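Here is a short report on a protein model, written for someone meeting it for the first time.

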Amino acid sequence: MITDCHVHIQPPEMFRAEVRGKMAGTPEEFVRIAEFAASPARLLTYLDGCGVDRVVLIGCVAPEVMGTGPEINPWLAKYVQTDPRRLLMCGSVNPQHSRNVEGDLREVLAMGARMIKIHPPHQLFAANEYVNGLDGLATIYRICEAESVPVMVHTGTSIFAGARNKFADPMPLDDVAVDFPNLKLIMAHGGRPLYMETAFFLLRRHPNLYFDISSIPPKKLLEYFPRLEQIAHRSLFGSDWAGPGLRGIEHNLADFRALSLSETAKQRILSGTALEIWPE
């Protein structure tokens, strides 16, 4: 069962105008994104053609940079109801905007969220900002740890206007992994393109840390992570589609399959790790 753990589908109008321009890529691709946002059935047909069984649809409340507010959560919750087995919801609560982080988070979890997203460069705080008084962030980690809900944290740079790349370094996750040792943490993008060695160190140090390979060009994956075989059991396939400059999921998947990795490692990354995190 192949899982793409990092897919972005949402109505284009939820993005700021300048973000829509970057997300568009080509006009044809932008039309396809809008069509999929309007029709889960079309997305599922596309996934069938790609040979992908499940996708995790990422929501992130980041109004300053992306324009997306908390309305993304009920939209995703309704969208995934078309086929909850194949469409998994990743919800979001922004602790800098929420007046009741615990209440808002529990509401998102009640909607069916299978993961929560934290995006430091877009939400404008470090992944360990609770050590500096952002108590709501610790609340998110604490509840997700207790409820066995994984948290995905963006690591690596962002090209969007207003993003703060001082928050791109994955090292603050060292604190989070220590302070919440039973919380499954997923480092989105493995710190690319500046922090891959840090990401690898953290994966080797903390048994509750995972990473996805999304937004890393598959042809460069073994250049970035030459010891990927050693961490395949903590690695997840993800495309980051539809993001700026990315071709479709099918191209990403084909390039990954062409890598000089053992079939055991490939199957682990494409399927096995995700099935441990999100059982059927």
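Helix 5 gives the largest share of the lining of the second largest pocket, 3 residues. Helices here are DSSP runs of H or I with at least four residues, strands are E runs of at least two, and both are numbered from the N terminus. The model is predicted: local features need pLDDT of at least 70, side-chain atom pairs count only at pLDDT 80 or more, and totals for chains, interfaces and linings use all residues. Residues are numbered from 1 along each chain as its sequence is written, and side-chain values use heavy atoms, with hydrogens and water left out.

**Pockets and cavity**

A pocket is an open set of points on a 1 Å grid over the protein atoms alone, with protein on both sides within 12 Å along at least five of seven lines. A cavity is a set of points where a 1.4 Å probe fits but cannot get out, and lining residues have an atom within 4 Å of a point. Grid points are joined across faces, edges and corners, and a volume is the space filled by probe spheres set on the points.

The second largest pocket holds about 190 Å³ of space. It is lined by 14 residues, with Pro-70, Asn-73, Ser-92, Val-93 and Asp-104 closest to its centre. Helix 4 (72–80) and helix 5 (101–110) are the elements that give two or more residues to this lining.

The largest pocket has a volume of about 720 Å³. Its lining counts 38 residues, and Arg-192, Ser-215, Asp-240, Gly-243 and Pro-244 lie nearest the centre. Helix 11 (residues 249–257) supplies the largest share, 3 residues.

There is 1 cavity of 30 Å³ or more.

The table sorts each lining by class. Ala, Val, Leu, Ile, Met, Phe, Trp, Tyr, Cys and Pro count as nonpolar, Asp, Glu, Lys and Arg as charged, and the others, Gly among them, as polar.

| Space | Volume | Lining by class |
|---|---|---|
| Largest pocket | about 720 Å³ | 16 nonpolar, 17 polar, 5 charged residues |
| Second largest pocket | about 190 Å³ | 7 nonpolar, 5 polar, 2 charged residues |

**A helix pair**

The axes of helix 11 and helix 12 (residues 263–277) come within 11 Å and cross at roughly 155°. So helix 11 is roughly antiparallel to helix 12. Axes are lines fitted to C-alpha atoms, for helices over the stretch in contact, and angles run from 0 to 180 degrees between N-to-C directions. Angles over 145 degrees count as roughly antiparallel.

Leu-253, Phe-256 and Arg-257 in helix 11 meet Lys-266, Ile-269 and Leu-270 in helix 12. Contact means heavy atoms within 4.5 Å. By class, this contact has 4 nonpolar, no polar and 2 charged residues.

Most residues other than glycine have a negative phi, and most peptide bonds are trans. The bond from Arg-192 to Pro-193 is cis, with omega near 0°. Pro-193 sits in the loop between strand 6 (185–188) and helix 9 (196–205). The bond from Trp-241 to Ala-242 is also cis, with omega near 5°. Ala-242 lies in the loop between strand 8 (235–236) and helix 11. Ser-148 is not a glycine, yet has a positive phi of about 60°.

**The whole fold**

The protein has 12 helices and 8 strands. Its C-alpha atoms fill a box of roughly 45 × 40 × 35 Å along the principal axes.

Terms used:
Parallel < 35°, antiparallel > 145°, perpendicular 65-115°, else oblique.
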